Amino acid sequence: MSLLRGLPGTRATGGEDRPPAQDVGPPAPDLAALRRRLLDSLELDQVAQLSGPQRRARLERVAGQLLSRDGPLLSSQERAAAVRRVVDEALGLGPLEPLLADDTVTEIMVNGPDELWVEREGRLERLEAGFTDAEQLATTIDRIVSRVNRRVDESSPMVDARLPGGERVNVILPPLALNGPALTIRRFPTPYTLPQLVDRGSLDQPLADLLAGIVRARCNIVVSGGTGTGKTTFLNALSGLLPADERIITIEDAAELSLQQPHVVSLEARPPNVEGRGAVDIRDLVRNSLRMRPDRIIVGEVRGREALDMLQAMGTGHQGSLVTVHANSTEDAVLRLETLASMTELDIAFEALREQVNAAVDVVVHLARGADGSRRVAEVAAVASRRREPFRLTVIGEFASEPLGSDRIVRGRFRHHALPGQLAERLRLAGQTVPAPFAAAPGAGAAPGAGAAPGAGAAPGAGAAAAGAVPAAAAGAAGTAATRGGPHWQAS
């Protein structure tokens, strides 16, 4: 597929008995030939000494001169587009460059040289643009992985990398990818703060106030969700609540977090080299971080045997840690942590692993993506089980969605439940207060619109209490919150 699809070309007229019309516009320039002439006309040693903007300006000027002298007659707009595309091929990532400059694009998916998809506002969209040929796509992939000292070839056909702007990249080559090289780029927007997520409808203000108190009270939080639900974005927002005087260690497979605190040490895993040696995985970094005097540990994603080391760190003095995990619900998150912790070479009984999870995890925040592409907090649950008890979660906040209408827009409201006594006491000892919607006793909801649970009547004076926050001790005295699946729900 030509990169200049949309430039003047042939135009057919209607009518069954009429032959196709002849070309009425100028022929599209041969970008491959123009790029070759551009490189041949340059002193590459001199160009290499220029800065990025200077190098691009030099190539655009030379390409414009070559196009004016040897190319077809084009309008100013068409000429500028041709020059930009050939320079993007020579210096950057070809047709991906304008997409990386588009703030509305959150994901770029290349399925071979002729197929290019993007995600905008949570919806997939196929583009007409594409790579000139498989060679151009291969050159683009080589440029991406070489920047981070990684390789991808037939002997190692899969690789994870990142772009200088922080975008996460995954590449998989044939014969594993049957339709040609598959390239996926996950873009991360400007880090959102928790108030900005409230403005976007990802959560409501009482829930944001409660999570802020939970973070400041140094509770261990697990953020769960599926792919593309915004786990990293939400983790960034929560990290913005951390005090500036704490030493924070972040551990990631590919660096994505962007913390604003002054004392942050970022660690990143390393794949094996060409000889298959030198790999440093997340587990190694978690173990090493314990010797770095951390106040808080943030793990971008737990996906393997490092779960056991992380649980041990969270349960043995490193409180206030944050971690994400792929899961379908809050219940699935704790079960998956138990399963991941069992993947070590150690032979540990599941009862002992369950005790580790119960001791380490305080709160689970589950994120979900709606049919309209919106991302929001689906549920917040506190771990109420102790020791080797079967897992028991207490729901303290959830989003209740309405049935989808013809416009496919997700609508609903957030429901709030009273905090369990132990979590409320933890907040009280840390000097935090509990938003009023989370302090009402079961069966007594807050005033209408304040997040009362369905079917709960407004108790006398509840409206006044909903206007502010109440001491955490009052929340604990109010009773226990709604428990997932009823008071006897458990997972073994």
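Visitor: How are helices H11 and H12 oriented to each other, roughly parallel or roughly perpendicular?

Guide: Two packed helices are described by the angle between their axes and the distance between the axes. In this predicted model, helix H11 (residues 306-314) and helix H12 (residues 330-341) pack at about 115°, with their axes 6 Å apart, and they are therefore roughly perpendicular to each other. Roughly perpendicular covers 65 to 115 degrees, while under 35 counts as roughly parallel, over 145 as roughly antiparallel and the rest as oblique. The axes are lines fitted to C-alpha atoms, for helices over the stretch in contact, and angles run from 0 to 180 degrees between N-to-C directions. Helices (H or I, at least four residues) and strands (E, at least two) are DSSP runs, numbered from the N terminus.

Visitor: Which residues make the contact between H11 and H12?

Guide: Ala307, Leu308 and Leu311 of H11 meet Leu337, Leu340 and Ala341 of H12, where contact means heavy atoms within 4.5 Å. Residues are numbered from 1 along each chain as its sequence is written. Local features need pLDDT of at least 70 and side-chain atom pairs count only at pLDDT 80 or more, whereas totals for chains, interfaces and linings use all residues, and side-chain values use heavy atoms, with hydrogens and water left out.

Visitor: Which way do the side chains of strand S10 point?

Guide: In a regular strand the side chains alternate between the two faces of the sheet. In strand S10 (residues 296-299), Arg296 and Ile298 point one way and Ile297 and Val299 the other way, and all are buried, meaning under 20% relative accessible area, with exposed being over 50% and partly exposed in between (1.4 Å probe, protein chains only).

Visitor: How many bridges join S10 to strand S8, and how many join S10 to strand S11?

Guide: Two strands pair if DSSP finds at least two bridges between them. Four bridges join S8 (residues 248-252) to S10, running parallel, and the partner of Thr250 in S10 is Ile298. Two bridges join S10 to S11 (residues 322-326), again running parallel, with Leu322 of S11 as the bridge partner of Ile298.
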